[in-house]
Amino acid sequence: MSSLESRVFFCYFAPVKRTNLMNSFTPFQIGSFTCTPIDAGDMWLDGGAMFGVVPYTLWSKAIEHDERLRIPMTMRCLLIESSHTGHRYLIDNGIGTKYDAKKCDIYGIPYGADPLMESLTQAGVDPSEITHMVFSHLHFDHCGGTTAWDSAGTKLEHRFPNAQFVVNERHWAEANSPNARETASFLRDNIAPIGESGRLVTVQDNHEFEPGFDVLNIDGHTIGQQLPRISDDSYTVVYAADLFPTVHHVPVPWVMGYDMRPTVTLTEKAQLCATSVQQEWIWFMEHDAHHVFMTIQKDDRDRYKGVPLGASELPF
(Lines give C-alpha, C1' and ligand atoms only; values in the text may rest on other atoms or scores of the structure.)
Protein backbone atom coordinates (compact mmCIF):
# COMPACT_ATOMS: atom_id res chain seq x y z
CA MET A 1 0.00 0.00 0.00
CA SER A 2 1.43 3.40 -1.01
CA SER A 3 1.66 6.26 1.49
CA LEU A 4 -1.19 8.06 -0.31
CA GLU A 5 -3.37 4.94 -0.26
CA SER A 6 -2.57 4.56 3.42
CA ARG A 7 -3.74 8.06 4.15
CA VAL A 8 -6.96 7.60 2.16
CA PHE A 9 -7.48 4.28 3.99
CA PHE A 10 -7.21 6.25 7.25
CA CYS A 11 -10.02 8.53 6.10
CA TYR A 12 -12.40 5.58 5.80
CA PHE A 13 -11.69 4.09 9.20
CA ALA A 14 -11.24 7.15 11.38
CA PRO A 15 -14.71 8.72 11.40
CA VAL A 16 -15.48 11.66 13.64
CA LYS A 17 -16.72 10.46 17.01
CA ARG A 18 -19.89 12.43 17.63
CA THR A 19 -21.84 13.11 20.79
CA ASN A 20 -25.23 14.68 21.51
CA LEU A 21 -26.36 14.34 17.90
CA MET A 22 -29.78 13.80 16.45
CA ASN A 23 -30.01 11.41 13.52
CA SER A 24 -29.26 13.28 10.32
CA PHE A 25 -32.89 12.95 9.22
CA THR A 26 -34.67 13.78 12.51
CA PRO A 27 -36.98 16.73 11.74
CA PHE A 28 -38.08 19.58 13.98
CA GLN A 29 -40.95 22.01 13.54
CA ILE A 30 -40.85 25.83 13.64
CA GLY A 31 -44.19 27.37 12.73
CA SER A 32 -45.16 26.24 9.23
CA PHE A 33 -41.66 24.90 8.53
CA THR A 34 -40.50 21.33 8.90
CA CYS A 35 -36.72 21.42 9.25
CA THR A 36 -34.51 18.37 8.74
CA PRO A 37 -30.73 18.24 9.32
CA ILE A 38 -28.99 16.81 6.26
CA ASP A 39 -25.56 15.21 6.61
CA ALA A 40 -23.15 16.22 3.84
CA GLY A 41 -20.16 14.48 5.41
CA ASP A 42 -17.25 15.14 7.75
CA MET A 43 -13.88 16.78 7.16
CA TRP A 44 -10.73 17.73 9.08
CA LEU A 45 -9.40 21.30 8.93
CA ASP A 46 -6.20 22.86 10.23
CA GLY A 47 -6.77 23.86 13.86
CA GLY A 48 -4.47 26.87 13.70
CA ALA A 49 -6.35 28.30 10.73
CA MET A 50 -9.69 27.56 12.38
CA PHE A 51 -8.78 29.55 15.50
CA GLY A 52 -6.67 32.33 14.00
CA VAL A 53 -4.62 34.21 16.58
CA VAL A 54 -5.88 32.05 19.46
CA PRO A 55 -2.76 30.09 20.53
CA TYR A 56 -2.54 26.31 20.37
CA THR A 57 -2.28 26.09 24.15
CA LEU A 58 -5.81 27.48 24.38
CA TRP A 59 -7.69 26.00 21.43
CA SER A 60 -6.24 22.52 21.92
CA LYS A 61 -7.88 22.43 25.36
CA ALA A 62 -11.26 23.16 23.78
CA ILE A 63 -11.29 20.63 20.94
CA GLU A 64 -9.40 17.49 19.92
CA HIS A 65 -7.04 17.30 16.96
CA ASP A 66 -5.28 14.57 14.98
CA GLU A 67 -1.55 14.07 14.44
CA ARG A 68 -1.63 16.65 11.63
CA LEU A 69 -3.17 19.24 13.97
CA ARG A 70 -6.49 19.09 12.14
CA ILE A 71 -9.75 19.39 14.06
CA PRO A 72 -12.91 17.40 13.27
CA MET A 73 -15.59 19.33 11.40
CA THR A 74 -18.82 18.36 9.69
CA MET A 75 -20.98 19.75 6.90
CA ARG A 76 -24.53 19.80 8.23
CA CYS A 77 -27.05 21.23 5.78
CA LEU A 78 -30.68 22.03 6.55
CA LEU A 79 -33.77 21.06 4.58
CA ILE A 80 -36.64 23.49 5.18
CA GLU A 81 -40.09 22.44 3.92
CA SER A 82 -42.85 25.03 3.98
CA SER A 83 -46.43 23.86 4.44
CA HIS A 84 -47.55 27.36 3.42
CA THR A 85 -45.91 27.57 -0.02
CA GLY A 86 -44.90 23.96 -0.66
CA HIS A 87 -41.33 25.10 -1.25
CA ARG A 88 -38.43 22.87 -0.32
CA TYR A 89 -35.32 24.86 0.55
CA LEU A 90 -31.91 23.27 1.06
CA ILE A 91 -29.35 25.37 2.91
CA ASP A 92 -25.86 24.63 1.53
CA ASN A 93 -24.76 21.27 0.13
CA GLY A 94 -21.28 20.51 1.43
CA ILE A 95 -18.02 19.78 -0.33
CA GLY A 96 -19.43 17.37 -2.91
CA THR A 97 -17.77 14.45 -4.68
CA LYS A 98 -15.49 16.14 -7.21
CA TYR A 99 -12.23 15.86 -5.24
CA ASP A 100 -9.55 13.33 -6.19
CA ALA A 101 -7.84 11.08 -3.62
CA LYS A 102 -5.11 13.64 -2.86
CA LYS A 103 -7.59 16.41 -2.02
CA CYS A 104 -9.69 13.96 0.00
CA ASP A 105 -6.62 13.13 2.04
CA ILE A 106 -5.89 16.82 2.70
CA TYR A 107 -9.39 17.37 4.11
CA GLY A 108 -9.83 13.92 5.65
CA ILE A 109 -12.93 13.06 3.64
CA PRO A 110 -13.66 9.52 2.36
CA TYR A 111 -12.79 9.26 -1.33
CA GLY A 112 -15.80 8.19 -3.38
CA ALA A 113 -18.41 8.68 -0.65
CA ASP A 114 -21.61 10.64 -1.28
CA PRO A 115 -23.18 11.34 2.13
CA LEU A 116 -25.32 14.27 0.90
CA MET A 117 -27.38 12.14 -1.46
CA GLU A 118 -27.55 9.31 1.07
CA SER A 119 -28.89 11.69 3.70
CA LEU A 120 -31.50 13.16 1.34
CA THR A 121 -32.64 9.64 0.52
CA GLN A 122 -32.95 8.85 4.23
CA ALA A 123 -35.04 12.01 4.62
CA GLY A 124 -37.35 10.80 1.82
CA VAL A 125 -36.49 13.68 -0.53
CA ASP A 126 -35.35 13.42 -4.13
CA PRO A 127 -32.88 16.14 -5.27
CA SER A 128 -35.29 17.02 -8.07
CA GLU A 129 -37.83 18.07 -5.43
CA ILE A 130 -35.63 20.86 -4.04
CA THR A 131 -37.12 24.16 -5.22
CA HIS A 132 -34.50 26.52 -3.74
CA MET A 133 -30.83 25.84 -3.14
CA VAL A 134 -29.94 28.61 -0.66
CA PHE A 135 -26.22 29.26 -0.21
CA SER A 136 -24.91 30.85 2.96
CA HIS A 137 -21.88 31.60 0.78
CA LEU A 138 -19.92 29.98 -2.03
CA HIS A 139 -16.79 28.66 -0.35
CA PHE A 140 -15.99 25.14 -1.53
CA ASP A 141 -17.36 23.33 1.53
CA HIS A 142 -20.76 25.00 1.18
CA CYS A 143 -21.58 24.66 -2.53
CA GLY A 144 -19.46 21.77 -3.85
CA GLY A 145 -22.43 19.40 -3.88
CA THR A 146 -24.27 21.43 -6.53
CA THR A 147 -22.65 19.42 -9.33
CA ALA A 148 -20.81 16.13 -9.84
CA TRP A 149 -18.71 14.66 -12.63
CA ASP A 150 -20.49 12.36 -15.07
CA SER A 151 -19.51 8.69 -15.31
CA ALA A 152 -16.78 9.53 -17.84
CA GLY A 153 -15.34 12.22 -15.59
CA THR A 154 -15.43 14.80 -18.36
CA LYS A 155 -18.61 16.81 -17.79
CA LEU A 156 -20.18 18.41 -14.73
CA GLU A 157 -23.83 17.53 -14.14
CA HIS A 158 -26.30 19.39 -11.96
CA ARG A 159 -27.64 17.44 -9.00
CA PHE A 160 -30.60 19.72 -8.22
CA PRO A 161 -32.18 20.12 -11.67
CA ASN A 162 -35.24 22.11 -10.61
CA ALA A 163 -33.81 24.36 -7.91
CA GLN A 164 -33.23 28.06 -8.02
CA PHE A 165 -29.73 28.93 -6.78
CA VAL A 166 -30.10 31.74 -4.26
CA VAL A 167 -27.01 33.85 -3.50
CA ASN A 168 -26.59 37.28 -1.96
CA GLU A 169 -25.97 39.81 -4.72
CA ARG A 170 -22.86 41.32 -3.14
CA HIS A 171 -21.46 37.88 -2.42
CA TRP A 172 -21.97 36.74 -6.01
CA ALA A 173 -19.88 39.69 -7.19
CA GLU A 174 -17.20 38.85 -4.61
CA ALA A 175 -17.10 35.17 -5.60
CA ASN A 176 -16.54 36.08 -9.23
CA SER A 177 -13.81 38.62 -8.48
CA PRO A 178 -12.15 37.42 -5.28
CA ASN A 179 -9.15 38.87 -3.52
CA ALA A 180 -5.88 36.92 -3.48
CA ARG A 181 -6.56 35.37 -0.05
CA GLU A 182 -10.03 34.11 -0.94
CA THR A 183 -9.36 32.78 -4.44
CA ALA A 184 -8.60 29.28 -3.14
CA SER A 185 -12.06 29.06 -1.54
CA PHE A 186 -13.99 30.01 -4.69
CA LEU A 187 -13.52 27.11 -7.12
CA ARG A 188 -14.51 27.56 -10.74
CA ASP A 189 -15.92 24.01 -11.01
CA ASN A 190 -18.34 24.95 -8.22
CA ILE A 191 -19.29 28.50 -9.17
CA ALA A 192 -19.36 28.58 -12.99
CA PRO A 193 -22.15 25.96 -13.31
CA ILE A 194 -24.32 27.99 -10.93
CA GLY A 195 -23.95 31.12 -13.06
CA GLU A 196 -24.45 29.21 -16.31
CA SER A 197 -27.51 27.29 -15.11
CA GLY A 198 -30.07 29.96 -15.95
CA ARG A 199 -31.46 29.44 -12.44
CA LEU A 200 -29.27 31.83 -10.46
CA VAL A 201 -31.24 34.27 -8.27
CA THR A 202 -29.26 37.01 -6.54
CA VAL A 203 -30.97 38.68 -3.59
CA GLN A 204 -30.48 41.80 -1.52
CA ASP A 205 -29.36 41.85 2.11
CA ASN A 206 -31.88 40.61 4.70
CA HIS A 207 -33.95 38.87 2.05
CA GLU A 208 -37.27 37.34 3.15
CA PHE A 209 -38.27 34.15 1.37
CA GLU A 210 -41.66 34.05 3.04
CA PRO A 211 -43.08 35.07 6.43
CA GLY A 212 -41.03 33.36 9.13
CA PHE A 213 -38.02 32.66 6.90
CA ASP A 214 -35.43 35.32 6.12
CA VAL A 215 -31.66 35.81 6.24
CA LEU A 216 -29.22 37.94 8.21
CA ASN A 217 -26.20 39.24 6.31
CA ILE A 218 -22.68 39.62 7.64
CA ASP A 219 -19.39 40.54 5.99
CA GLY A 220 -16.52 39.52 8.29
CA HIS A 221 -15.90 35.99 7.02
CA THR A 222 -16.76 36.90 3.43
CA ILE A 223 -18.77 39.71 1.87
CA GLY A 224 -22.50 39.00 1.89
CA GLN A 225 -22.58 35.75 3.87
CA GLN A 226 -26.22 35.06 4.67
CA LEU A 227 -27.46 33.30 7.79
CA PRO A 228 -30.92 31.77 7.26
CA ARG A 229 -33.33 32.43 10.13
CA ILE A 230 -36.55 30.51 10.82
CA SER A 231 -38.96 31.83 13.42
CA ASP A 232 -42.49 31.72 14.77
CA ASP A 233 -44.19 33.38 17.72
CA SER A 234 -42.18 31.31 20.19
CA TYR A 235 -38.79 30.35 18.79
CA THR A 236 -36.05 31.52 16.46
CA VAL A 237 -33.46 29.20 14.91
CA VAL A 238 -30.50 30.72 13.06
CA TYR A 239 -28.20 28.79 10.73
CA ALA A 240 -24.71 29.53 12.05
CA ALA A 241 -22.79 28.87 8.80
CA ASP A 242 -19.24 30.22 9.28
CA LEU A 243 -20.02 32.84 11.91
CA PHE A 244 -19.79 30.16 14.63
CA PRO A 245 -18.10 27.08 13.11
CA THR A 246 -18.15 25.40 16.53
CA VAL A 247 -19.50 26.24 19.97
CA HIS A 248 -15.92 27.18 20.87
CA HIS A 249 -15.99 30.10 18.40
CA VAL A 250 -18.62 32.06 20.33
CA PRO A 251 -16.19 34.13 22.47
CA VAL A 252 -15.85 37.35 20.51
CA PRO A 253 -12.02 37.30 20.10
CA TRP A 254 -12.00 33.67 18.87
CA VAL A 255 -12.09 34.45 15.15
CA MET A 256 -11.02 32.12 12.35
CA GLY A 257 -7.87 32.83 10.38
CA TYR A 258 -10.03 32.22 7.30
CA ASP A 259 -12.09 35.38 7.93
CA MET A 260 -11.34 38.05 5.34
CA ARG A 261 -12.19 40.95 7.66
CA PRO A 262 -11.57 39.79 11.24
CA THR A 263 -12.23 43.16 12.89
CA VAL A 264 -15.62 43.24 11.15
CA THR A 265 -16.28 39.74 12.50
CA LEU A 266 -15.54 41.04 16.02
CA THR A 267 -18.26 43.68 15.70
CA GLU A 268 -20.76 41.31 14.08
CA LYS A 269 -20.24 38.62 16.71
CA ALA A 270 -20.67 41.09 19.58
CA GLN A 271 -23.91 42.45 18.08
CA LEU A 272 -25.41 39.06 17.22
CA CYS A 273 -24.40 37.52 20.56
CA ALA A 274 -26.15 40.34 22.40
CA THR A 275 -29.30 39.92 20.31
CA SER A 276 -29.18 36.16 20.68
CA VAL A 277 -29.00 36.37 24.47
CA GLN A 278 -31.79 38.93 24.63
CA GLN A 279 -34.12 37.07 22.26
CA GLU A 280 -33.07 33.54 23.26
CA TRP A 281 -32.15 32.40 19.77
CA ILE A 282 -31.18 28.80 19.08
CA TRP A 283 -28.31 28.28 16.64
CA PHE A 284 -28.16 25.40 14.16
CA MET A 285 -24.53 24.40 13.80
CA GLU A 286 -23.35 23.67 10.26
CA HIS A 287 -19.76 22.66 11.08
CA ASP A 288 -19.61 21.53 14.71
CA ALA A 289 -18.91 17.79 14.61
CA HIS A 290 -20.28 17.20 18.12
CA HIS A 291 -23.26 19.54 18.49
CA VAL A 292 -26.25 20.29 16.27
CA PHE A 293 -27.73 23.12 18.36
CA MET A 294 -26.52 25.71 20.84
CA THR A 295 -27.65 28.81 22.65
CA ILE A 296 -25.49 31.74 23.68
CA GLN A 297 -25.14 32.87 27.27
CA LYS A 298 -22.82 35.05 29.33
CA ASP A 299 -20.37 33.49 31.77
CA ASP A 300 -19.53 34.75 35.26
CA ARG A 301 -17.02 37.19 33.76
CA ASP A 302 -19.64 38.71 31.43
CA ARG A 303 -18.20 37.02 28.33
CA TYR A 304 -20.27 35.25 25.70
CA LYS A 305 -20.10 31.47 25.50
CA GLY A 306 -21.77 28.77 23.43
CA VAL A 307 -23.94 26.30 25.34
CA PRO A 308 -24.68 23.06 23.43
CA LEU A 309 -28.24 21.75 23.38
CA GLY A 310 -28.93 18.04 23.09
CA ALA A 311 -32.05 16.80 21.31
CA SER A 312 -33.83 16.26 24.65
CA GLU A 313 -33.11 19.85 25.66
CA LEU A 314 -34.76 21.49 22.66
CA PRO A 315 -37.90 23.47 23.51
CA PHE A 316 -39.68 22.60 20.25
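How many salt bridges does a search of the whole structure find? The search finds 11. The structure is a predicted model. The paragraphs below take up some of these pairs, then turn to Arg159.

Arg88 takes part in a salt bridge with Glu81. The closest N and O atoms of this pair are 2.7 Å apart. Glu81 has a relative accessible area of 19%. Glu81 is therefore buried, because buried means under 20%. Arg88 has a relative accessibility of 23% and counts as partly exposed. The cut-off of 20% thus falls between the values for the two partners, Glu81 at 19% and Arg88 at 23%.

Arg88 also forms a salt bridge with Glu129. Here the closest N and O atoms lie 2.9 Å apart. Arg88 belongs to strand β4, residues 88–91. Glu129 sits in the loop between α5 (115–122) and β5 (132–134). Glu129 is partly exposed, with a relative accessible area of 36%.

A further salt bridge joins the side chains of Asp219 and Arg170, at 2.9 Å from N to O. This pair, too, links distant parts of the chain, 49 residues apart. Asp219 lies in the loop between β11 (213–218) and β12 (225–231). Arg170 lies in helix α7, which covers residues 169–175. The relative accessibility of Arg170 is 31%, and the residue counts as partly exposed.

Shared partners connect some of the salt bridges. Glu81, Arg88 and Glu129 are joined in this way into one network. Arg88 is the partner of Glu81 and of Glu129.

Where is the place of Arg159? Arg159 is found in the loop between β7 (156–158) and β8 (164–168). Is this residue buried or exposed? Arg159 is buried, with a relative accessible area of 14%. The side chain of Arg159 makes a polar contact with the side chain of Asp114, at 2.4 Å. Asp114 is also among the residues that Arg159 touches, when residues up to four places away in sequence are not counted.

Technical notes. Residues numbered from 1 in each chain as written. Predicted model: local features only at pLDDT ≥ 70, side-chain atom pairs only at ≥ 80, totals over all residues. Heavy atoms only, no water. Salt bridge = Lys/Arg side-chain N within 4 Å of Asp/Glu carboxyl O. Buried < 20%, exposed > 50% of the residue type's maximum accessible area, 1.4 Å probe, protein only. Helix = DSSP H or I, 4+ residues; strand = E, 2+ residues; numbered from the N terminus. Polar contact = N/O pair within 3.5 Å; in protein donor to acceptor, adjacent residues only side chain to side chain. Contact = heavy atoms within 4.5 Å.
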